[in-house]
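Colleague: Could you walk me through this one when you have a minute? I would like to start with the strands and then move on to the charges.

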Amino acid sequence: MARTTLSAAQARRTALASQGLGGARDGSASPRTLHAGIARMGVLQIDSVNVFARSHYMPMFSRAGSYDPAALDRVVFRRRKPTHVEYLAHEAAFMPIDDWPLWGFRREAIRARDGRWGGWAGENAEVIDRVREELADRGPLKPSEISSIEREARRGPWWDWDHVKRALEHLWGIGEVAIAGRDGFERVYGLASHVLPDRVLFDAPRDDAIRELVRRAARSYGVATLSDLNDYYRLRDQAAVRLAIADLVDEGELAPVRVEGWARDAWIHRDARVPRSVTQTSLLTPFDPMVWFRERAERLFDFSYRIEIYVPGPKRRYGYYSLPLLVDDRIAGRIDLKADRAVSTLRVQSAWWESGVRPDPSRVAAEIRRAADWQKLESVTVSRWGDAADDLAASLGAERHEHPNASGVSRCSRGDEPQLRS
């Protein structure tokens, strides 16, 4: 029988269990485990920042421990009989290839607004046609390998390399092109009919697709509000999401639930577990589904997070790319890590405890050691920046290093910290 009320702690534990957090982290990552992990989350969001590890590798580290990232590459970058593909599910993300039909409504929306750059696609139909024709003739290509437009670039300022990239991104957005893989981190683009199996080359009806995506978001979140379900796949259509919720309630897949401290209506998925406890210590990427929707992170964990990459160094409160630290069922801190591969060292650039939460530093130190081992780094150093830095340095027995922000940094209050949305 579905629960009608949840305490705040029960809601946190339900959400964590639904995301696959709190299990064994023994580093095992068989293809089956990786497929199941991605299916549970629905997508792996991609981000280009690589100061510690690229974002799409992090969720499986948070859930499985020190697995081999090459194993994930073999799953998401398969050229023959691919099982996953990139698309704008949430933001740019890896998703199961069989989900391609669900995004017909998004492809149509991009087509309707003439691409993602206003009127550019309409004004540059010839560029798009040339790029499409070259992909048809030559097969999948990197932007730098497109020659039909680059040759024109030498004849005048109107044709330039940026037009190639824009054309490719537009064709990808409307579904004529799919990502055939990556060379390093550079995308390889191919016609969708060359990259994807015929069985997925159709568009599901919009209402059916949104209902399915809401169902999946509810299963992935466990317990969620309307805004949570609207954001998971960036549907941006509350009316359609509300109708989908009503259908799922009528079918018994969702049930209304009251959550302590939540001012909004919420629903729980029929398969959601409410563990009595959750024991874990995990670093998260800022783009983990557990924290990627900032409103939900604040509601679940009282955790206010903003990425500070674009904040000038002296004004950063927590660090360039601090990672949320999950301890049991709380966000207990944030740690800014840098993999200094030239000297095989993991640098703790800053470390902070969250207000009112102070975990056992030895547990956190063990997670930092695990992170270093995962990235094949031989040593760890800790800066003097942050109220958790001394605790972690002592537990790690680590060498200290000075961080450029450690002195003279703006010590703004939590209410005055930079509010930069990711």
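Predicted model: local features only at pLDDT ≥ 70, side-chain atom pairs only at ≥ 80, totals over all residues.

Colleague: Changing topic to helix α1, is it mostly covered or mostly open?

Modeller: Helix α1, residues 8–18, is mostly covered, since nine of its 11 residues are buried. Among the buried ones are Q10, A11, R12 and R13, and the list runs on to include L16 and S18.

Colleague: What follows α1?

Modeller: After α1 comes G20, and its phi is positive, near 80°.

Colleague: Now the charges. How many salt bridges does the structure hold?

Modeller: There are 36 salt bridges in the structure. One of them joins E86 and R182, whose closest N and O atoms are 2.8 Å apart. E86 sits in strand β3 (residues 84–89) and R182 in strand β5 (residues 177–183), so this pair ties together parts that are 96 residues apart in sequence.

Colleague: Are those two buried or exposed?

Modeller: E86 counts as buried because its relative accessibility is 2%, and R182 is buried as well, with a relative accessible area of 14%; the cut-off for buried is under 20%.

Colleague: And which helix holds the K165 and E169 pair?

Modeller: Both residues lie in helix α9 (residues 161–173), four residues apart, which is about one turn of the helix. K165 is partly exposed at a relative accessible area of 25%, whereas E169, at 9% relative accessibility, counts as buried.

Colleague: Where do R358 and D391 lie?

Modeller: R358 is in the loop between β13 (345–353) and α15 (361–374), while D391 is in helix α16 (residues 389–396), so their pairing ties together parts that are 33 residues apart in sequence. The side chains meet in a salt bridge of 2.8 Å, N to O. R358 counts as exposed at 57% relative accessibility, and D391 is partly exposed with a relative accessible area of 23%.

Colleague: Which residues do salt bridges with shared partners join into one network?

Modeller: That network is made of D99, E212, R215, R216, E253 and R270.

Colleague: Last one: which residues gather in the patch of negative charge on the surface?

Modeller: The patch brings together D207, D208, D247 and D250. Helices α11 (206–221) and α13 (238–250) are the elements that give two or more residues to that patch. D207 has its place in helix α11, and D207 is exposed, with a relative accessible area of 60%.

Note on methods. Residues numbered from 1 in each chain as written. Heavy atoms only, no water. Patch = residues over 30% accessible without salt bridge, like charges linked within 9 Å, V, L, I, M, F, W, Y side chains within 5 Å. Areas by Shrake-Rupley, 256 points an atom, 1.4 Å probe, with all protein chains shown as cover. Salt bridge = Lys/Arg side-chain N within 4 Å of Asp/Glu carboxyl O. Lys, Arg positive; Asp, Glu negative; His and termini not counted. Charge placed at Lys NZ, Arg CZ, Asp CG, Glu CD. Buried < 20%, exposed > 50% of the residue type's maximum accessible area, 1.4 Å probe, protein only.
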